[in-house]
Amino acid sequence: MSNIFTSSIGKKLMMSLAGLFLLAFLLLHLAINITLILYKDTETFNRAATFMGTNPVIKVMEVILFGGFLLHMVYGAVLQVGNLMARPKGYKKANYSQTSFFSKYMLHTALIITIFLVLHLFDFWVKNKFLGSVHEITYADGETYHNLGALVLERFKIGWVVVVYVVLLLGLGFHLHHGFQSAFQTLGINHKSYTPVIKTLGVLYSVVVTTGYISIPVYIYFFK
Amino acid sequence: MSLLRYRSEIIKFKEMNFTLKIWRQENARAKGRFETYQLQDISPDCSFLEMLDILNQQLIDKFEKPVCFDHDCREGICGACGLYINGRPHGPDKGITTCQLHMRKFKDGDTIVVEPWRAKPFPVIKDLVVDRSAFDKIIQAGGFISVNTGGVPDANTIPVPRKNADIAMDAAACIGCGACVAACKNASAMLFVAAKVSQFAMLPQGQVEAKERVLKMVQKMDELGFGNCTNTGACEAECPKEISLSHIARMNREYFSATFNA
Amino acid sequence: MIRLNAKIPEGPLADKWTRYKATQKLVNPANKRKLDIIIVGTGLAGASAAASLGELGFNVSAFCYQDSPRRAHSIAAQGGINAAKNYRNDGDSVYRLFYDTIKGGDYRSREANVYRLAEVSNAIIDQCVAQGVPFAREYGGLLDNRSFGGAQVSRTFYARGQTGQQLLLGAYGALSRQIAKGTVKMFTRSEMLDLVIVDGKARGIITRNLVTGEITRHAAHAVVLATGGYGNAFFLSTNAMGSNGSAIWQAYKKGAFFANPAFVQIHPTCIPVHGDYQSKLTLMSESLRNDGRIWVPKKKEDAEAIRAGKLSSVDIPEEDRDYYLERRYPAFGNLVPRDVASRAAKERCDAGYGVGTGLAVYLDFTDAINRLGKNVIEERYGNLFQMYEKITDENPYKTPMMIYPAIHYTMGGIWVDYELMTTIPGLFAIGEANFSDHGANRLGASALMQGLADGYFVLPYTIQNYLAGEIMTPRISTSLQEFQDAENAISERISRLMSIKGKRTVDQIHREFGMKLWDLVGMGRNKDGLQQALTSFKDMKDEFWGNIRIPGDAAGMNPELEKAGRVADFIELGELMALDALNREESCGGHFREEHQTPEGEAMRHDGKFMYVSAWEYQGKDKEPILHKENIDYEFIKVQVRNYKI
């Protein structure tokens with residue numbers, strides 16, 4: 001059993017399970033964020049965000065989520081170091097083999113996502129949770145919420161922030177494009193008829209999630 | 001139609017000239033370098049290795065040391081040859097070994113860069129020759145069914161569904177050339193190991209030792225310093241026998257089942 | 001003649017092997033550990049023998065020149081492996097397989113050996129299936145068979161077009177298991193350069209490490225040669241580039257008799273030679289002749305026009321095509337045995353009807369495609385068609401393939417007795433390296449059978465009969481004078497080769513020699529040509545030893561030096577082939593003496609005078625070897641003229 005943490009295939013299993021979990025999280029996150037542009041005001045968003053921030057179950061999940069990120073990143077780094085060590089002397093002529101384009105750049109896109117994560121966490125999560133720099137708002141039912149929505153709207157009215165977000169989100173999209181189907185392959189799910197479906201779903205997922213996320217700052221910048 | 005047939009039978013192609021940049025390294029410890037050679041009047045029907053033979057004859061004529069490269073059967077089955085040509089293991093064609101590559105796949109005047117397989121477990125021995133004994137070690141770790149000679153049941157007492165036998169054969173076609181490792185950006189040997197694991201996983205004879213086999217072979221693979229699979233599919237694209245990634249997935253399943261149902 | 005004792009057990013044919021096994025001496029497990037065996041070569045015969053002897057508990061050292069035992073040239077066998085399973089219920093039996101093999105070999109092989117081969121053939125299939133060899137199967141899950149030339153039953157087991165590969169990988173797996181267990185020590189990239197004899201017994205070998213150039217001594221109680229055939233003497237052949245006859249040639253020079261060196265198999269369906277730079281010939285499986293029709297133009301002027309590029313195959317109307325095999329052999333047609341098909345192609349090309357370069361005939365699938373559809377043909381031969389297209393850049397679905405015979409296998413080899421022991425006690429030869437089972441012509445799918453029979457089921461028994469007498473012999477020391485002498489001789493030979501520094505490369509001389517050998521000792525041989533060959537090979541030997549150029553040095557990897565040693569031996573071997581061919585004043589199997597043919601051009605045997613195995617004994621440098629004759633007595637079958645016409 002211990003080999004599941006130390007062997008190459010074991011480490012990859014960790015990567016893929018964490019990855020799949022993060023894929024699910026991204027959908028949930030998108031579902032909440034998209035309310036910002038689906039609804040006229042930010043009430044739904046603020047209510048959902050607060051629910052996410054206070055519900056005890058979600059709080060546990062938050063820890064798991066961070067664990068997931070950490071696991072995915074740490075194992076990714078460990079595997080990457082192993083990969084680099086496996087070819088101490090490289091080729092003069094760059095590899096020309098026919099492979100899926102995005103799969104070659106998983107490390108690069110992972111670094112982009114890390115930058116994004118730091119920026120993003122600081123922008124919203126840290127500000128909200130630790131700096132207390134988010135205003136409060138009270139809705140008709142008398143409940144008071146952090147007006148996170150207002151913060152988002154404010155940030156995404158700044159042109160360069162939008163540009164940076166869009167660029168970094170594209171990196172995420174590329175990562176997901178390969179990551180989605182790769183996770184299934186690692187889990188041993190490869191089938192003559194199902195694998196093409198998984199691959200299509202992966203493309204669909206990465207396109208939908210990326211456009212979904214990108215649409216938020218862009219929409220806010222131009223239309224709110 | 002008739003004209004096409006006619007053409008293919010009679011047209012003699014013009015001979016071609018090439019610039020070769022070849023990795024030369026005196027021995028395992030020496031520092032290597034690229035040497036440039038000009039080669040003239042090569043027939044397009046010449047195989048890549050025959051082209052190197054011609055180069056070597058010219059080098060010997062000049063009292064220079066010929067380029068060393070591994071090769072034996074020259075019909076794509078022994079797995080001895082393997083050169084990294086212009087960024088691709090076994091060069092610019094699909095489903096072939098280096099010895100099956102022909103010069104008609106290049107253009108007159110092309111510069112061709114020839115490198116050895118690069119991977120830590122495949123150290124260069126000389127020039128383009130690498131040591132692939134790591135593959136033998138993986139097989140020795142468990143790539144067999146433990147039966148002694150004699151005392152086995154009649155062959156037809158072990159029926160195998162035809163579909164499974166076909167999948168086993170697809171995997172068993174591996175020639176152990178190492179192109180998968182050479183192509184992989186991580187120098188991973190997953191396709192090679194998976195081919196053997198998958199072959200036996202598809203056969204009833206392989207079931208008895210299935211768990212032990214996959215664990216031992218993967219352990220040995222890791223120990224030898226191969227990289228990890230990131231499912232890019234370069235191995236599948238360059239495999240001369242076109243062995244599919246699905247065998248890697250099967251090995252992963254075997255591995256998980258061996259780990260969790262121990 | 002006294003010295004040649006084949007040691008064939010008494011009794012009825014079907015009981016000989018059983019009786020032998022029941023009465024032979026065995027070695028007990030405790031003693032097996034103390035006995036060392038050297039096996040040279042890791043093809044089907046060598047790998048299976050090494051694995052089996054390791055399993056029994058002997059202390060085995062195995063050697064191969066390749067970087068891995070898995071690369072031995074057995075791997076290139078395409079078609080299949082014969083066995084008398086009678087799974088098809090088509091009347092096959094051990095006797096029938098035995099009979100077909102003797103007949104196919106043109107009545108020049110030993111009954112007892114061939115019967116044993118047929119007898120153990122079934123166990124080979126069982127063994128390979130148990131090892132996980134993925135043989136082709138039917139929908140019910142049971143093993144499938146295909147038919148091959150020279151038989152009326154379907155008895156060939158196959159794994160797509162890669163049967164040799166799969167069987168070798170099975171044996172390689174078994175060998176790997178023993179290497180892991182420590183019973184077999186594997187030496188890769190090691191070439192045997194000499195055999196060491198101590199007190200008349202084979203006691204070891206001298207090897208050169210092909211990476212470091214180091215010369216090493218290895219000692220054992222018995223030495224087994226499993227180094228394959230010598231077809232590469234011809235330069236162009238279907239053998240691997242490294243396949244060589246040096247190990248058996250050194251054995252010959254140390255006193256092992258060389259049997260039937262002239263018996264060489266020429267395979268009819270190979271891709272023709274297409275340029276001077278060509279390094280080897282590629283075989284297209286014999287199975288193609290099941291559906292392909294072989295022809296050349298009927299009119300010489302058409303053939304000339306095709307060669308000049310003015311006409312193409314499709315321009316020749318049906319009535320102007322000569323399907324010469326169907327014309328000459330109506331009963332078997334395109335499925336005549338290999339030797340017959342090869343000679344017929346040569347006859348047409350020599351007469352000026354060849355296509356392509358002039359040395360090629362058409363193998364046409366048009367009829368089969370029209371009859372069965374392209375899909376069926378693709379299913380049956382897809383991989384072969386693809387292979388053909390990769391090499392020639394022509395699509396055989398559209399234009400007929402061009403084929404020509406090429407050297408493929410050597411039936412001749414080191415003389416062995418029933419126990420597979422050579423005339424040197426303690427030296428055994430198995431697989432293609434020995435001469436034993438195929439007579440003057442080998443049937444398709446029988447080489448794999450013989451290699452594995454020898455390695456899995458014959459040698460592990462018979463070698464014990466010898467080793468039982470060696471249990472009191474302590475480990476042989478490599479510091480004996482005999483080892484010292486052998487090593488010195490090898491070092492001297494290498495420095496001599498390196499010091500010549502002449503003008504010609506090894507390949508140039510090999511190519512020139514190979515062409516001569518092909519012309520004079522190839523498909524058609526005659527007295528004048530053979531005598532000419534003998535003179536000219538002597539000159540070539542001088543040319544080689546006076547004018548060869550080997551760059552680099554002997555320390556470290558030096559492929560030119562490796563090749564030089566092999567070619568030096570090939571030239572000498574060529575002399576012996578010519579000598580044997582000259583002596584055998586008859587035509588049989590792969591040996592065709594133009595003086596001995598029927599008015600219709602068929603081979604004519606002279607059973608009264610030549611029903612023997614010629615076994616040559618080395619007498620020293622530049623001395624004519626002595627011919628020993630082992631008479632072949634057919635007790636159990638009636639000798640007939642091979643007839644494929646009716």
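How much area do chain C and chain B bury between them? I looked this up before anything else. The model is a predicted one. Chain C and chain B bury about 7000 Å² between them, and 53% of that lies on carbon and sulfur atoms.

**Entry 1: who loses area on chain C**

I checked which residues of chain C lose the most area to chain B. They are C:Arg71, C:Tyr277 and C:Lys390, and together they make up 10% of what that side buries.

**Entry 2: which chains touch**

I went through the pairs of chains. There are 2 pairs that touch, and chains B and C have the most contacts among them. Chain A and chain C do not touch; I found their nearest C-alpha atoms 20 Å apart.

**Entry 3: polar and charged pairs between B and C**

I counted 9 salt bridges between chain C and chain B. I also looked at the side chains of B:Glu75 and C:Lys280, which meet in a salt bridge with N to O at 2.6 Å. Across the interface of chain C and chain B I found 49 residue pairs in polar contact, both residues being at pLDDT 80 or more.

**Entry 4: inside chain B**

I then turned to chain B by itself. Chain B is divided into domain 1 (2-126) and domain 2 (133-260). Their C-alpha centres lie 30 Å apart. The contact between them takes 19 residues from domain 1 of chain B and 20 residues from domain 2 of chain B.

The two domains of chain B bury about 1500 Å² between them, 58% of it on carbon and sulfur atoms. In domain 1, B:Pro89, B:Pro121 and B:Phe122 lose the most area to domain 2, together 33% of what that side buries.

I counted 2 salt bridges between the two domains of chain B. I also noted that the side chains of B:Arg88 and B:Glu238 meet in a salt bridge, at 2.9 Å from N to O. The side of domain 1 that touches domain 2 has 10 nonpolar, 5 polar and 4 charged residues.

Technical notes
Residues are numbered from 1 along each chain as its sequence is written. Chains are lettered from A and ligands numbered from 1 in the order in which they are written. This is a predicted model: local features need pLDDT of at least 70, side-chain atom pairs count only at pLDDT 80 or more; totals for chains, interfaces and linings use all residues. Side-chain values use heavy atoms; hydrogens and water are left out. Buried area is the accessible area (1.4 Å probe) that two parts lose on being put together, summed over both. A salt bridge is a side-chain nitrogen of Lys or Arg within 4 Å of a carboxyl oxygen of Asp or Glu. A polar contact is a pair of N or O atoms within 3.5 Å; within protein, one must be able to donate a hydrogen and the other to accept it, and residues adjacent in sequence count only if both atoms are side-chain atoms. Contact means heavy atoms within 4.5 Å. Domain bounds come from an automatic or database domain assignment. Ala, Val, Leu, Ile, Met, Phe, Trp, Tyr, Cys and Pro count as nonpolar, Asp, Glu, Lys and Arg as charged, and the others, Gly among them, as polar.
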